[in-house]
Amino acid sequence: MTTIYLKPKKEESLKRYHPWVFSGAIARVVLDAKHEGDAPEEGELVCVRSAANEVLGVGHWQIGSIAVRILAFGAEALPNGFWKERIQAAYQVREAIGLIRPENDTYRLVHGEGDWLPGLIVDVYADTAVVQAHSVGMHECRKEIAEAIVAVVPQVQNIYYKSDDTLPFKAEISEPKVGYLIQNSKNCEEFWSTENGLAFRIDWLKGQKTGFFVDQRENRALVERYAKDKDVLNMFCYTGGFSLYALRGGAKRVDSVDVSQKAIDLVNINVAKNFPVATNHTAVAADAFEYLSKQKAEGKTYDLIILDPPAFAKHRDAVKNALRGYQRINAKAIEMIRKGGILFTFSCSQAVDKEAFRLAVFSAAAQVGRKVRILHQLHQPQDHPINIYHPEGEYLKGLVLYIE
Ligand code: SAH
């Protein structure tokens, strides 16, 4: 195996279980004897050693500023049965905390670095797991990963692989990047999954991400608690997660808005399935900023608004603009909230930290001149764990505000 030697003192973060080796920390690369070319190949397994020749771990080589993502600390090679053991460990956590139940068969099984599997995401929808690789190394291991999931998770029959949008775009990668890796049950055309007793149509073939936003489950449940008799706006609704919980919580009316017509079609399907006689829900395909301006011009107000926009900052250099975007959209929402109303506002941009997001919302409140108090500070749920040594794993944050 190729060996990566680090510069002196660069081993410290690895000894603390931070799983990334940055290219700047590397002193030299010793290719294994049968290697062609003059550098490791993207996705290749490499062994990382300190300047003093201690074994630090084994991981996948990447091209870019993160050069290695460690899979096994303190090991020279991946142990036999590695994938099964890791998937088992991830499954056990979800089982132990009571997440997997007949009324909740929608959950994240593997959350990358948070489950000691950097570059790998697995979401489970009833009997299908959707696997997403974010690194060439994980892509190359997809078949072993699929087999391990089916062996470990009793409910899972099918593995769908969906990495067309997540693999490094410059890399030369073996095809296919999408499609079934394992398919034992046939019904994959019209697929339903259950979250806290609510049915959701999941479209992993054409939908965003793995087909659903699993990370808002706990925050949706909080909306349900506050929705009774409220006029609710679910902005950036996607498949209507927050809308269904608000309806179950007894909302007077719910308006769901998303720029994507496909998303709006799914919201309507989901509402019809769970609340077949509901007449108090409307779904509209519209741009958020335009919708809020138009509603405001017509004098419309709400008791409860949910703002769950897409990541405004995908990279560090986009943070400034993103913060302006958060301020603008939050100001528009706060303006439209009745006295004594509530705003649920989120950011899923990893590059925008809690403090920066809170400051953007503070600026929005100050701009509009309303009295605003924080009732809850929200974050990603328990099936999106954060390795305490890898704070980069924290990405979802939210505030629940009481607006006077
Ligand atoms: N709240 C959702 C997830 C939201 S993801 C849930 O609980 O599942 C972000 C959504 O914002 C996507 O569905 C995307 O289509 C939508 N979106 C992106 N830009 C938008 C815009 N300018 N106006 C309205 N919706 C937008």
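In this predicted model, a search of the whole structure finds 17 aromatic pairs. One of them joins F200 and F212. Their ring centres lie 4.8 Å apart and their planes meet at 50 degrees, so the pair is tilted. F200 sits in strand β13 (residues 198-201), while F212 sits in the loop between β13 and α5 (217-226). The pair therefore ties together parts that are 12 residues apart in sequence. Both F200 and F212 are buried.

A further pair, F213 with Y238, is edge-to-face. Here the centres are 5.2 Å apart, with 90 degrees between the planes. F213 belongs to the loop between β13 and α5, and Y238 to the loop between β14 (231-235) and α6 (241-248), so this pair ties together parts that are 25 residues apart in sequence. F213 is partly exposed, at 23% relative accessible area. Y238, at 8%, counts as buried. Ring pairs also link residues into a cluster: Y125, Y160, Y180, F191, F200, W204 and F212.

The ligand is surrounded by 15 residues. The closest are R220, D258, D287, A288 and D308. By class, the shell holds 9 nonpolar, 2 polar and 4 charged residues. For A288, a backbone N or O atom lies 2.8 Å from a ligand nitrogen. For F236, the corresponding distance is 2.9 Å. For V259, a polar backbone atom is 3.1 Å from a ligand nitrogen. The protein covers 88% of the 580 Å² of accessible area that the ligand has on its own.

Q295 lies in helix α8 (residues 288-297). Its relative accessibility is 10%, so Q295 counts as buried. Beyond its neighbours within four places in sequence, Q295 contacts K300, Y302 and M336.

Note on methods
Residues numbered from 1 in each chain as written. Predicted model: local features only at pLDDT ≥ 70, side-chain atom pairs only at ≥ 80, totals over all residues. Heavy atoms only, no water. Helix = DSSP H or I, 4+ residues; strand = E, 2+ residues; numbered from the N terminus. Buried < 20%, exposed > 50% of the residue type's maximum accessible area, 1.4 Å probe, protein only. Contact = heavy atoms within 4.5 Å. Near = heavy atom within 4 Å. Polar contact = N/O pair within 3.5 Å; in protein donor to acceptor, adjacent residues only side chain to side chain. Areas by Shrake-Rupley, 256 points an atom, 1.4 Å probe, with all protein chains shown as cover. Nonpolar A, V, L, I, M, F, W, Y, C, P; charged D, E, K, R; others polar. Phe/Tyr/Trp six-rings, centres within 6.5 Å; stacked < 30°, edge-to-face > 60°.
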